[in-house]
Amino acid sequence: LRQRDFDLDLQRGTDNLLDANACDCCQTDAAVTTRGPLVVYRDRTDAEIRDIAVVRRTAGAWGAPVTVHADGWKVAGCPVNGPAIAASGNDAVVGWYSEAGDTPALKLARTTDAGDSFSAPVVVDSGKQVLGRVDVALDAKQAWVTWLREANGVQTLMLARYAPDLSREMQRMEIATLKGRGHATGSPKLVVDGTAASLVWTDVIKGVAHLQGARIVR
């Protein structure tokens, strides 16, 4: 996992090595905390443990990676199912997929110190129907999470809201039933603007990819 700065004229800056052994194909994500940008990714050990980690840049230097939670998921190939992060001040929420213990699960964890430590994870969804491909968003009133699941050969796009400290689930809803299958439906994307959440996703209809969206006011 590497990082490089570019100035406003797109001139290259310094190349930085953040982690010499990260999961090859899982997408990464980043959010800006009061103490600096926080990058989240799926780590990889020599024993093929692929849990989620974060690394923060403070005062121009990158710190050491911090494991979000030691799931202990051992898998010999990349699951192509990376984590997501959203931040406000020094609070941040990370969402990720894991199959630790041979049980597919979607999890959330919270930090209040810009990634120095994380709370015990909350399991949002679990079971063979969970596909993951998570995104998260955070505002003053709630943490939002979206993910994909598949049951009886049908994919569905889900959205849930939690209290900002993840202490309770406030709402869960099915946003759409998808015609696409497998990884063709990609990963949904979620943003909030203070009054509503905007959600976009890919579906595949008669072999053609379609970008679709919804706006949820709460």
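Visitor: Which residue of strand 17 is the bridge partner of V191?

Guide: The bridge partner of V191 in strand 17 is S198. The model is predicted, with local features requiring pLDDT of at least 70, side-chain atom pairs pLDDT 80 or more, and totals for chains, interfaces and linings using all residues. Residues are numbered from 1 along each chain as its sequence is written, and side-chain values use heavy atoms, without hydrogens and water.

Visitor: How many bridges join strand 16 to strand 17?

Guide: Strands are DSSP runs of E with at least two residues, numbered from the N terminus, and two strands pair if DSSP finds at least two bridges between them. Here four bridges join strand 16 to strand 17 (residues 196-205), and the two run antiparallel.

Visitor: What is the strand order in the three-stranded open sheet?

Guide: The order is 16-17-18, with antiparallel pairing. Strand 16 (189-192) and strand 18 (208-217) each have a single partner strand, so one side of each lacks a neighbour in the sheet. The twist from one strand to the next averages 20°, where axes are lines fitted to C-alpha atoms and angles run from 0 to 180 degrees between N-to-C directions.

Visitor: What is the order in the open sheet of four strands?

Guide: That sheet has the order 12-13-14-15, again with antiparallel pairing. Its edges are strand 12 (130-138) and strand 15 (169-178), each with a single partner strand, so one side of each is without a neighbour in the sheet. Neighbouring strands of this sheet are turned by 20° against each other on average, direction ignored.

Visitor: How many bridges pair strand 12 with strand 13?

Guide: Strands of a sheet pair through backbone hydrogen bonds, either parallel or antiparallel. In this case, six bridges pair strand 12 with strand 13 (residues 143-151) in the antiparallel sense. A137 has W144 of strand 13 as its bridge partner.
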